[in-house]
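Open the model in your viewer and keep the selection panel at hand. The stops below go from one residue to the next.

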Amino acid sequence: MNTPHATAPPVRWRAVAALTAVSTFAQIGQFGFGFMVLPVWLAHQGLDAPRAGLFAAAQWAGMFIGLLVAPRLMGRIGAKLTVTLGLAASLVAYASFGAVSWPAWMLPGMLTGLGIGLRWIANETWLYSLVPADKSGKVVGVHETLIASAGVLAPALAVYGDASGSLVFVAGSLMTFAAALPLWLTRSSPSLPVSTPVSTNGKRLEPGPIVCLGLVTIAAGGIGDGALYGLFPLFAESRGLTAAQTATMLACFGIGGMVLQFPVGWLADRCGLASTVIVCALASTVAIVAFSCAPTASLAYVGAALLLGGMNSAYITLGMYAAACSDKQAITRNMRLLSLAFTACSIVGPLFAGTAMKALGNDMLMWQLAIISGALMIYTLGMREGHRQARQRAPSAPSI
């Protein structure tokens, strides 16, 4: 007698859409206002550069702590409550700023980062655990496009309103609270695997080649994000750009990051991770060189800025793609590894870039980014060639 084939459970696309909405609203409220607009408010309160640097370090440190503790919290209270705690941490932070002053601002600063760290791991692990592997690229592309809107919408709202007043706290709180609505309308999934995954013979399951390539790629994205957005004003000043022109270029980076993520995800689904990383690294290198050489305010300058911002964000998208299409039993571990790599490199990137710029001039910012993208392309080509040779020796070896 023939036994019926087990059918895969239906994909919960409504839950996928709801959790994507959670990420979008929360990213605008927590990151857009908390990490991009809040420093403007602090500057209006008279915070100087050294203290602003300490505050930024406190935010990133809080995020790092959130990334570390999120898997354990998910194991104890589940993904939904962990995301809720992340949103609540940001709401408490926004409510606290008006009641304290420096140096007590460091504590709510850490809370803003902690909230992002908890929400990032718990919500995206839950989200990508629901997505079939063959749709991972498209879903990740849409997700990253929507959360990239935080880098455009939050500063635009701040310009329209008054970043020196209470707008940052009111708007940030409203957007963060809005994220809780689709979260609590979504039915919880069965418990996600949060412990260290093991193979059938009881040994620890190590990250596969896709996750390893995702780690290298997202690390390059973290270095680029931290250095580009943290130090671009110095590069722009050395090129004679006005404050308005600098803001316009930053907006171009953000717009490029929004519009190019779905095509990147689609390409990853069609051609695989390694091929997409090679294409994006090549495009990024070309964009950086063009941006450095093109005349200021020319059409080529704007086009290179759009492509540069899009490709830098593509590294993050491809890192998340690596986690989304990896073994679902290891998705929490993989998300944690990737997000920790991104956050750590976002801290390290500006430190190295700033030192090089001080020693060799502000133009070193772009040349360092070009070197990183070129090195990533060469690394991926070598990795793919190594796996091609391995498949020739053992045809069952996994491809990337």
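This is a predicted model: local features need pLDDT of at least 70, side-chain atom pairs count only at pLDDT 80 or more; totals for chains, interfaces and linings use all residues.

Select K138: its relative accessible area is 29%, which makes K138 partly exposed.

Show both side chains. K138 and D269 form a salt bridge, with an N to O distance of 3.4 Å. Colour the helices to see what the pair connects: K138 belongs to helix α5 (residues 136-148) and D269 to helix α10 (residues 261-271), so distant parts of the chain are linked across 131 residues. As background, side chains of opposite charge can pair when their charged atoms come close.

How many salt bridges are there by this rule? The count is two.

For the other pair, select D363 and R239. Their side chains meet in a salt bridge at 3.3 Å, N to O. Here the partners are in loops: D363 is in the one between α13 (331-360) and α14 (364-393), and R239 is in the one between α8 (209-238) and α9 (243-259), so the bridge ties together parts 124 residues apart in sequence. D363 has a relative accessible area of 35% and is partly exposed. R239, at 28%, is also partly exposed.

Next, go to T276 in helix α11, which spans residues 273-293. Is T276 buried or exposed? Its relative accessibility is 0%, so T276 counts as buried. Display the backbone of G272 too: the side chain of T276 reaches the backbone oxygen of G272 at 2.7 Å. Then select the surroundings of T276. Leaving aside residues up to four places away in sequence, T276 touches V264, L267, A268 and L318.

The last stop concerns cysteines. Select C280, which is buried, with a relative accessible area of 2%. Then select C345, whose relative accessibility of 18% also counts as buried, because the limit is under 20%. How many disulfides does a search of the whole structure find? It finds zero. For reference, a disulfide is a covalent bond between the sulfur atoms of two cysteines.

To finish, display K138 with D269 and D363 with R239 together, and keep T276 in view with its contact to the backbone oxygen of G272.

Technical notes
Residues are numbered from 1 along each chain as its sequence is written. Side-chain values use heavy atoms; hydrogens and water are left out. Helices (H or I, at least four residues) and strands (E, at least two) are DSSP runs, numbered from the N terminus. Buried means under 20% relative accessible area, exposed over 50%, partly exposed in between (1.4 Å probe, protein chains only). A polar contact is a pair of N or O atoms within 3.5 Å; within protein, one must be able to donate a hydrogen and the other to accept it, and residues adjacent in sequence count only if both atoms are side-chain atoms. Contact means heavy atoms within 4.5 Å. A salt bridge is a side-chain nitrogen of Lys or Arg within 4 Å of a carboxyl oxygen of Asp or Glu. A disulfide is a pair of cysteine sulfur atoms within 2.5 Å.
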